[in-house]
Amino acid sequence: VQLQACGGGLVQAGGSQRLSCVASGRTLSTRALGWFRQAPGKEREFVATIYWTGGSRTYYADSVEGRFTISKDYAKNTVYLQLNSLKPEDTAVHYCAASDFTYYSLTSYGKSQSYEYWGQGTLVTVSS
């Protein structure tokens, strides 16, 4: 599975941004897609995830709950991350990732190890 993320850029605090991630290749094995982010000098952290098949269940990190929305367009093989009410601390490279459910579970969906495929990342910079 190949993942191509885009949509990052410079935005003012309080503003919005929408990220997209297009999946290609052996997507039939994909069961969930997720977004992670890595701020300068920090470890990569979970942002949100959505089931790709078997419904559209979503889970969010506490830090983005109510501000970010993950969604999908199955026909376009695309997952989106709508970022609203952005804060300077949201500045990070945002990565999309895909899971075939080998390690993904209700207790592990927030862990990088639960995702087998990763995109190249797109930078979101929030100015104060």
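Are Phe36 and Phe46 buried or exposed? Phe36 is buried, and Phe46 is buried too; here buried means under 20% relative accessible area, exposed means over 50%, and partly exposed lies in between (1.4 Å probe, protein chains only).

A word on the model: it is predicted, so to speak of local features a pLDDT of at least 70 is needed, side-chain atom pairs count only at pLDDT 80 or more, and totals for chains, interfaces and linings use all residues. Residues are numbered from 1 along each chain as its sequence is written, and side-chain values use heavy atoms, with hydrogens and water left out.

Searching the whole structure turns up 13 aromatic pairs. Rings of Phe, Tyr and Trp (its six-membered ring) pair if their centres lie within 6.5 Å; planes under 30 degrees apart are stacked, over 60 edge-to-face, and the rest tilted. Two of the pairs are edge-to-face:

| Pair | Centre to centre | Angle between planes |
|---|---|---|
| Phe36 and Phe46 | 5.6 Å | 75 degrees |
| Tyr115 and Trp118 | 6.2 Å | 65 degrees |

Phe36 lies in strand S4 (residues 32-38) and Phe46 in strand S5 (residues 45-51), 10 residues apart; strands (E, at least two residues) are DSSP runs numbered from the N terminus. In the second pair, Tyr115 is buried at 4% relative accessible area, while Trp118 is partly exposed at 28%.

Key
Helices (H or I, at least four residues) and strands (E, at least two) are DSSP runs, numbered from the N terminus.
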